Amino acid sequence: MRLVAHYERHLADERGLSAHTVSAYLLDLWQFVAWLEDNHPSYADEKKIAAVPLDLLRAYVADVSEHLQPRSLERKIVVLRSFYDFLLRRDLAKANPAKLLRLPKRRRKLPQTMKIDELFGILESEFPDTALGRRDRAIWELLYGSGLRVSELTGLDLDRLDFESKRVRVLGKGSKERVVPMTSASVEALNSYLPDRRALLEKCKGTKDLQAVFLNYRGGRLTRRGVRLVLDRTLLKAGSSRNIGPHVLRHSFATHLLDAGLDLRTIQELLGHASLSTTQNYTHVSLAHLVEVYDKAHPHAKKK
């Protein structure tokens, strides 16, 4: 369907969404097209899909909601709104009926974090005295020290590291670039790892990625899955049974800075959030932590 192809180019070129996000949007849109073909085939062609009435959209949402979590259902509605808004702006539709779809209510899920003592216990532990061990320490230090997304870490190139000013330039969501500081520990860990990088690069039998900062044991650019394996291996060695992904370190970075008194606007800039409301989720984490500390510390709170 040409409309879907045009919409795909709009998402990638005009909105600058990542390939992963574009793929997710298209998957949801094609599911809607398939539902029309099965239930209302007269609306599943190139011309009629732009005129799908609100009641059919509601019927579709009702059908798919039976086996979806609120978050997934919300995304499907957002995709429909985005698609019909695209058609409306191109004068291919007379209205955007999806705007009248109600988003599902979902409970606020607080970001998972690690406590400072728990994190420091890992960062100050002994990593293997090998190229991969030094690489793993640098990964932990940079994820927590600069609050990077895992995609920002794996996409990091050598020319984006500025050791003199202790800063790193990263490409975030929508290919938006931002500059974030590096801690002294991150700089030290990177300087310790980078001499080993050449030896790892020489192991690569295919096309060498000469700019990639973090490499796997074969000498290729480290993947998101590879980063997760690094974290799992480190936690297992530390005797921790927790399920910690890269985003938990990013959440911990933001929450610990907020607890230390840094303002939300600055944290928003460091994280690369487009909206302050996203950053405000961390205020709830800090409040929950405050209540926990209060319950443990206040004499009257300890009474049964």
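I began with the largest nonpolar core of this predicted model; that core has 47 residues, and Trp140 and Phe214 have the most contacts inside it. I then listed the elements that give two or more residues to this core: α5 (116–123), α6 (131–146), α7 (150–154), β2, α8 (184–201), α9 (224–237), α10 and α11 (264–271). I noted another core lying apart from it, of 33 residues, with Phe32, Val52, Leu54 and Leu56 among them.

I looked up Phe214 next. Leaving aside neighbours within four places in sequence, I found Phe214 in contact with residues including Arg135, Ala138, Ile139, Leu142, Leu153, Tyr193 and Leu222.

I turned to Arg250, which sits in helix α10 (residues 246–259). I did find the side chain of Arg250 reaching the backbone oxygen of Gly147 at 2.7 Å. Beyond four places in sequence, I listed Leu143, Gly147, Leu148, Arg149, Glu152, Arg178, Leu271 and His273 as the contacts of Arg250.

I read it as open, with 3 strands in the order β1-β2-β3 and antiparallel pairing. β1 (161–162) and β3 (177–181) are at the edges with a single partner strand each, so one side of each has no neighbour in the sheet. I checked the pairing of β1 with β2 (residues 167–171): it is antiparallel, over 2 bridges. For Asp162, I noted Arg167 as the bridge partner in β2.

Key:
Residues are numbered from 1 along each chain as its sequence is written. This is a predicted model: local features need pLDDT of at least 70, side-chain atom pairs count only at pLDDT 80 or more; totals for chains, interfaces and linings use all residues. Side-chain values use heavy atoms; hydrogens and water are left out. Two strands pair if DSSP finds at least two bridges between them. Helices (H or I, at least four residues) and strands (E, at least two) are DSSP runs, numbered from the N terminus. A polar contact is a pair of N or O atoms within 3.5 Å; within protein, one must be able to donate a hydrogen and the other to accept it, and residues adjacent in sequence count only if both atoms are side-chain atoms. Contact means heavy atoms within 4.5 Å. A nonpolar core is a set of buried Ala, Val, Leu, Ile, Met, Phe, Trp, Tyr and Cys residues joined through side-chain atoms within 4.5 Å. Buried means under 20% relative accessible area, exposed over 50%, partly exposed in between (1.4 Å probe, protein chains only).
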